[in-house]
Amino acid sequence: LKGRLGKEKLSQELLNVFDEPEIRQSYTQIWLRELSAPPKRDKLTPLAPGATLQEGLYTVQFKVGIGGQGTVYVANCKRAGQAPQEVALKEFLLPVFPDKAVRRRAAEKFQIEAAMLQRLQHRQIVQFLDLFVEDHRAYLVLEKAEGVDLKAYVRQNGPLSSSAVIALAKQMCDILSYLHEQSPPVTHRDFSPDNLMLDGKQRLKLIDFSVAQQVEGSVTGSVVGKPSYVAPEQFRGKPLPQSDIYSLGATLHFLLTGLDPRAVQVSHPGQTLSEQRQGAILDEDASGAEM
């Protein structure tokens, strides 16, 4: 009997480690019930325009795209007593019919992410608005960032001038300084041209925090991010705030050259720029000869 009581006490102590504040506990229970119910639609079918979520609170307008971390939609949000608002919905598939421990971990993962995002208050970081689970999917509700991402901007306009890149680099440094000064520091882990939106006033906004994490200790995590922009330690599953600085440098390489950077050991942006200028001169000479 004494041994059995000892085991029960130990089990309870282990469970207490995962206890959340009361409000988070209630969310966890709601999500566990949701994840126990049969799914209502095929797991690979994206939401169609006009689809509603949360009993009509959100109405999907169109799909922005599908990536490795989920599907992104633009939706209309209609809250009682408030004007309609366009928001970004990021959808993540959750486990269907796993055991309760797996469902609980999935629910807590998104609660932790929501708590992290909610703390971030910076005019150049996309604002977190809400988080909910419906039909075995978790949804992040985020501010809809205006403008075009830097990847598309360079594809449309070509490499940027040195002065333009310097101005954007200063904004990037301000954003990363804010993230890395949090306690614990927040590492974005996917800092790249795709996730930096540029508006009509040349102001940047950092989006997509789906793989961001708080850096605590030296815990090894999963490898995420775009290969051309990922620091060596991040490939080993050990990202640091400095990993975002590496990604910033890789982003500047792309803005200057229009090319995704190669591995740091063989990357020479100065040489690439020189070759591009020589090519442009040759093109101009050829055009003049034809005339």
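Which strand is Leu140 found in? I looked it up in the predicted model, and Leu140 sits in strand 6.

**Leu140 surroundings.** I checked burial next. Leu140 has a relative accessible area of 2%, so I noted it as buried. Then I listed its contacts, skipping neighbours within four places in sequence. Leu140 touches Ala88, Leu89, Lys90 and Phe92, and also Glu113, Leu117, Phe128, Asp130 and Leu131. I also took a distance to Phe209, which is 69 residues apart from Leu140 along the chain: their C-alpha atoms are separated by 9.8 Å.

**Strand pairing.** Strand 6 covers residues 137-143 and runs antiparallel to strand 4, with seven bridges joining them. In this pairing I found Leu93 opposite Arg137 of strand 6. I then followed strand 4 (residues 85-93) to strand 3 (residues 70-77); these two are antiparallel as well, joined by seven bridges. Here Asn76 stands opposite Glu86 of strand 4.

**Cysteines.** I searched for disulfides and got zero. I looked at two cysteines anyway. Cys77 is buried, at 5% relative accessible area. Cys173 comes out at 39% relative accessibility, so I put it down as partly exposed.

**Helix 5.** I wanted to know how its length works out. Helix 5 has 19 residues (162-180), so at 1.5 Å a residue it should span 27 Å. I got 26 Å between its end C-alpha atoms, which agrees. I also went through its burial: the buried residues are Val165, Leu168, Ala169, Gln171, Met172, Ile175, Leu176, Tyr178, Leu179 and His180.

Technical notes
Residues numbered from 1 in each chain as written. Predicted model: local features only at pLDDT ≥ 70, side-chain atom pairs only at ≥ 80, totals over all residues. Heavy atoms only, no water. Helix = DSSP H or I, 4+ residues; strand = E, 2+ residues; numbered from the N terminus. Expected span 1.5 Å × (residues − 1). Buried < 20%, exposed > 50% of the residue type's maximum accessible area, 1.4 Å probe, protein only. Pairing = 2+ DSSP bridges. Disulfide = S-S within 2.5 Å. Contact = heavy atoms within 4.5 Å.
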